[in-house]
Amino acid sequence: YASKTIPLATKVTIAGGALYVAYDSGLLGGSEQGSKVIGKAKAAFPPAVDEWVKYFGFELPAFPKIGFAPVEAWNSGVHSSISALSSGPTAVGDYTNQGLQYLKDLAK
């Protein structure tokens, strides 16, 4: 019993800790708050990598520059989802009519 409980408790603790850190840092907030957090992470990441390179003594390849704006991605994702939901009933009706027409054509 204890041999199954300890790994489960460890996994739950790690997941809970990751969720807490994400919430506390603002990743689960609005898109603007998430953009600020990503900006902070981008600023902190290169110095940390430089420190690791000095410590371990090997060189890493340069990181590619990625132009990513979470605000734009969020807005386009929301727009696509709402658009799909709003056209859903019409699309279902069209597909139903096409299916019925196909069945009628088979029955002829």
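1. Residues are numbered from 1 along each chain as its sequence is written, and side-chain values use heavy atoms, with hydrogens and water left out.

2. How confident is the prediction? The chain has a mean pLDDT of 81, and 85% of its residues reach 70 or more. Among the elements of the chain, α1 has the highest mean (88) and α2 the lowest (78).

3. Now trace the fold. You will find three helices and zero strands, in the order α-α-α along the sequence. Both kinds of element are DSSP runs numbered from the N terminus: helices are H or I with at least four residues, strands are E with at least two.

4. Of the 108 residues, 6% count as buried. Buried means under 20% relative accessible area, exposed means over 50%, and partly exposed lies in between.

5. A22 sits in helix α1, which covers residues 2–25, and A22 counts as buried because its relative accessibility is 17%. Beyond its neighbours within four places in sequence, A22 is in contact (heavy atoms within 4.5 Å) with L27 and L28. A22 and G34 are twelve residues apart in sequence, and their C-alpha atoms are 10.0 Å apart in space.

6. Then try W52, in helix α2 (residues 31–56). W52 is partly exposed, at 49% relative accessible area. Together with F45, Y55, F56 and F58, W52 forms a nonpolar surface patch with about 630 Å² of accessible area.

7. Which side chains meet in a salt bridge? They are those of D105 and K108, at 4.0 Å from N to O. The rule asks for a side-chain nitrogen of Lys or Arg within 4 Å of a carboxyl oxygen of Asp or Glu, and the count comes to one. D105 is partly exposed at 42%, whereas K108 counts as exposed at 79%.

Key
This is a predicted model: local features need pLDDT of at least 70, side-chain atom pairs count only at pLDDT 80 or more; totals for chains, interfaces and linings use all residues. Patches are made of residues with over 30% relative accessible area and no salt bridge: like charges are joined within 9 Å, nonpolar side chains (Val, Leu, Ile, Met, Phe, Trp, Tyr) within 5 Å. Accessible areas come from the Shrake-Rupley method with a 1.4 Å probe; for residues, only the protein chains shown count as cover. Buried means under 20% relative accessible area, exposed over 50%, partly exposed in between (1.4 Å probe, protein chains only). pLDDT is the predictor's confidence in each residue, from 0 to 100.
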